[in-house]
Amino acid sequence: MFRKILIANRGEIAVRIIRACRNLGIRSVAIYAKEDADSLHVQLADQRICIGEGPITKNYLNQSQIIMAALNMGADAIHPGFGFLSEKEEFAALCKEHGIAFIGPSPEVIHKMGNKSEARKTMMAAGVPVVPGTKEPVFAVEAALKEAKKIGFPVIIKASSGGGGKGMRIAKKEADFKGQFNLAQTESANAFGDDTMYIERFIEKPKHVEIQIIADHHGNVVSLGERDCSVQRNHQKLIEEAPSPAITEETRQKMSADSVMAAKAVGYTNAGTIEYIVDQEGNYYFMEMNTRIQVEHGVTEMVTGTDLVIEQIRIAMGWPLSFNQEDIKMVGHCIECRINAEIPEKNFMPSPGLVEKVHFPGGNGIRIDSGLYSGYKIPSEYDSMVAKVLVHAPTRKEAIRKMRTSLDEMVILGVQTNLDFQYQIMRNPIFVAGKADTSFVEKMLNMDSDLERRREDVE
C-alpha cells in the first residue's frame with residue numbers, strides 16, 4: 001500500500017485524484033505554481049508544496065523540480081493525471097530511477113504508443129485496422145507531398161507527438177498541402193519540441209469513438225466499452241457519451257476485442273484509451289492511443305459502476321484488477337459536457353478572470369467534476385476547462401433531458417463560458433438524433449453565422 005501520492009497536476013483532475021486517495025486511506029500531496037495558490041486542489045490535499053511561478057515549463061512541466069518535491073515530501077508514487085507530463089516517457093523513467101512509482105504505463109510502452117507514427121506501425125503489426133497513411137514518419141515537405149499523392153487527397157497532417165488538436169492540419173487538395181504541412185510542423189515544434197509528422201487519408205464526416213481499457217501486471221486486460229466523442233471544437237472534445245449512438249453491438253464487440261488485443265500486443269498496464277474514427281459505412285480505424293487517464297473517464301465510470309482512478313492506483317501497487325471482463329456491463333446512458341471559460345462566438349477564445357458566483361446542479365444521476373468555487377480567479381496560463389457536468393439516466397433520451405435541466409440550473413458569473421452553447425447542442429435535432437459527426441460544431445456555428453447575417457440584411 002502506498003503511504004503518500006504526489007499529484008503532478010492541477011485543477012479538477014487533481015481534485016479527482018485527491019478524493020480517490022482519501023477513499024483508499026492514502027495521503028495526498030498537491031504541487032502548485034504560485035499563481036495556483038488559491039486553487040481547490042491545493043486546499044483539499046493533505047500536504048502541498050509550491051514548485052515555482054511563471055511559465056508552466058518552470059513548474060508543472062519541470063520534471064526535476066517535481067521529482068525533488070516528491071522526494072522531499074516522502075511520496076511513494078506520482079499520479080500525473082492528464083496533460084502536462086502524463087505521457088512523457090522521460091518523466092516515467094525519471095520516477096523509476098528515483099524509486100518512485102509512476103501511476104501509468106512503463107516508459108517503453110509510453111514511447112511505443114505515445115508516438116503516433118510508432119503506434120500506427122504497432123497496430124498494423126497487431127492486425128488492428130488503421131487509416132491508410134504513411135508507415136514511416138516524415139520531416140521534409142517534399143517527401144511528405146510525395147506520400148500524400150500516394151495516399152490520395154484529402155489528407156490530414158498530424159504531429160507524431162501531438163495531442164489536443166495541436167500540430168494538425170487538413171489539406172483538401174495538392175495546392176494546399178505545402179502551406180498546411182509547414183503550419184502543422186511549426187506548431188508541433190513549438191508545442192512539443194518535435195517536428196516529426198505523419199500523413200493519413202482524411203475521412204470526411206467521421207464519428208470519433210474510443211475504447212477504455214485497463215490492464216494489470218498479472219496479464220489481465222479488460223475493455224470497459226466505448227465513449228462517443230464526436231462533438232468537438234478545434235479538434236478538442238466538447239461532449240462525450242456512452243454508449244455510442246453510432247455503432248452496433250457487433251461493432252462494439254469487435255472494437256473491444258481489437259483494443260484488448262492491441263493492449264496485450266504492447267504489454268500495456270494501467271488505464272489507457274484507444275481512439276478510433278468510424279466512417280459513414282460503419283468501418284472503424286485506429287487513430288491513436290492515449291496512455292493515461294482521459295478527461296472523460298467519468299462517463300465510463302457512470303455506465304459501468306467502476307472507479308478508474310482507484311483502479312489505477314491499485315494496479316501501480318501491484319494488485320490485480322478488482323473485476324474481470326464478464327463483470328463489465330454498460331447500464332443506462334451517460335453524457336458529459338465540458339464547461340469551458342471561453343467565448344464560442346469568438347472561435348472559443350479563453351475567458352479567464354474572477355468567478356463571482358458558482359452554483360452547480362445536483363440530484364440523482366448528476367455528477368460535477370470541478371475545481372471552481374465562488375471567489376476563485378481562473379488563471380490565463382492553463383486550459384480553459386473549468387468543470388465537467390455528467391448525467392446518467394436509463395436511456396439516451398432521458399439523459400439528454402437531464403443534461404438540459406442541469407445546464408439550465410448551473411450558474412457561473414464573472415467570466416464567460418460555453419454553458420449556453422452546450423445547452424443549444426442538447427436541443428439541436430442532429431445531436432438529439434445521434435447523428436452528430438466531428439464536423440457538427442463547425443456546421444452549427446456556420447448556420448448561426450448565416451442566420452445572423454440574414455437578420456442583419458433584413459434590418
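This dialogue goes through a predicted model of one protein chain, feature by feature.

Reader: What should I know before reading the numbers?

Author: Residues are numbered from 1 along each chain as its sequence is written. The model is predicted, so local features need pLDDT of at least 70 and side-chain atom pairs count only at pLDDT 80 or more, while totals for chains, interfaces and linings use all residues; side-chain values use heavy atoms, with hydrogens and water left out.

Reader: How many helices and strands does the protein chain have?

Author: Helices (H or I, at least four residues) and strands (E, at least two) are DSSP runs, numbered from the N terminus. Here there are 15 helices and 22 strands.

Reader: What does the radius of gyration say about the chain?

Author: The radius is taken over C-alpha atoms, and the globule rule is 2.2 Å times the number of residues to the power 0.38. For 459 residues a compact globule would come out near 23 Å; the protein chain has 22 Å, which agrees. Its C-alpha trace spans about 60 × 55 × 45 Å along the principal axes.

Reader: What share of the residues is buried?

Author: Buried means under 20% relative accessible area, exposed over 50%, and partly exposed in between (1.4 Å probe, protein chains only). Of the 459 residues, 56% are buried.

Reader: Which residues of helix 5 are buried, and where do they lie on the helix?

Author: An α-helix has 3.6 residues a turn, so residues three or four places apart point the same way. In helix 5 (residues 107-114), the buried residues are Pro107, Val109, Ile110, Met113 and Gly114. They fall within an arc of 160° seen down the axis, so they line one face of helix 5. The arc is that of the directions from the helix axis to the C-beta atoms. Helix 13 can be read in this way too: Leu419, Phe421, Gln422, Ile425 and Met426 are buried. Their arc of only 165° around the axis puts them on the same side of helix 13.

Reader: What does Glu311 touch?

Author: Contact means heavy atoms within 4.5 Å. Glu311 sits in helix 11 (residues 308-316) and is buried, at 4% relative accessibility. Not counting residues up to four places away in sequence, Glu311 touches Ile214, Pro320, Leu321, Ser322 and Phe323.

Reader: And which residues does Asn428 contact?

Author: Asn428 lies in the loop between helix 13 (419-427) and helix 14 (429-432), and is buried with a relative accessible area of 14%. Leaving aside neighbours within four places in sequence, Asn428 is in contact with Phe440 and Met444.

Reader: His235 and Phe348 have positive phi values. Is each buried or partly exposed?

Author: His235, with phi near 65°, is in the loop between strand 10 (221-233) and strand 11. At 37% relative accessibility, His235 is partly exposed. Phe348 has a phi of about 60° and lies in the loop between strand 15 (342-343) and strand 16 (349-350). Phe348 is buried, with a relative accessible area of 6%.
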